[in-house]
Amino acid sequence: MTRCTSWRRLSGGLVAAAENRSTEGYVDSAVQCLLFGRHAGRHFGFLDSLEYGLGLWVGWLEAEPELVELPDCAETGPEPDPAGCCLFAGHVERHTWEAPLW
C-alpha cells in the first residue's frame, strides 16, 4: 500500500499565509497527499506542526487548496513498539504504521 499520487502546487499567497501560521516560518510550495492509494474525497498534504497535537495541513479536491488545522491522529500501533499514526484525527483508510512503504 503506497501513498496517494496526487500533488498540489500552492499559490504564493497560500504559501505566505501558511508561513505566517507555521512554527518554522517556512513551508514547501508543493505537497503530496499523505492518504493511501486511490481514495474518495479530499486530498491532504502536511505543512507543519503547530502546537502539541495540532497540525497545519492543506486540503484540496477540485477547487483551490485551503489551509486547515487538524488534530493529530491519537491512534498507536500494536505492541511491542507502538508507533503513532502520522495523519490527522478522523482520516480515512489505514493508519501510517499499517503501510510499510509509507
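Are W57 and F88 buried or exposed? Both are buried, where buried means under 20% relative accessible area, exposed over 50% and partly exposed in between, with a 1.4 Å probe and protein chains only. The model is predicted: local features need pLDDT of at least 70, side-chain atom pairs count only at pLDDT 80 or more, and totals for chains, interfaces and linings use all residues. Residues are numbered from 1 along each chain as its sequence is written, and side-chain values use heavy atoms, with hydrogens and water left out.

**Stop 1**

Select β3 (43-49), β4 (54-60) and β5 (66-71). Strands here are DSSP runs of E, at least two residues, and helices are runs of H or I, at least four residues, numbered from the N terminus. The 3 strands form an open antiparallel sheet in the order β3-β4-β5; two strands pair if DSSP finds at least two bridges between them. β3 and β5 are the edge strands, each pairing on one side only. On average, neighbouring strands are turned by 35° against each other, direction ignored. Between β3 and β4 there are 6 bridges, and F46 stands opposite W57 in β4.

**Stop 2**

α1 lies across β3, β4 and β5 and runs at about 30° to β5. Axes are lines fitted to C-alpha atoms, for helices over the stretch in contact, and angles run from 0 to 180 degrees between N-to-C directions.

**Stop 3: the core**

Next, show the largest nonpolar core, which has 27 residues. A nonpolar core is a set of buried Ala, Val, Leu, Ile, Met, Phe, Trp, Tyr and Cys residues joined through side-chain atoms within 4.5 Å. F44, L47, W57, V58 and L87 have the most contacts inside this core. β4 supplies the largest share, 5 residues. Centre on V58: leaving aside neighbours within four places in sequence, its contacts (heavy atoms within 4.5 Å) include L10, L14, V31, F44 and P65.

**Stop 4: the rings**

Finally, select F44, F46, W57 and F88, which ring pairs link into a cluster. Rings of Phe, Tyr and Trp (its six-membered ring) pair if their centres lie within 6.5 Å; planes under 30 degrees apart count as stacked, over 60 as edge-to-face and the rest as tilted. The rings of F44 and F88 have centres 4.7 Å apart and planes at 55°, so this pair is tilted. F44 is in strand β3 and F88 in the segment after β5, 44 residues apart. W57 and F88 form an edge-to-face pair, 5.1 Å centre to centre with 80° between the planes. W57, in strand β4, is 31 residues from F88.
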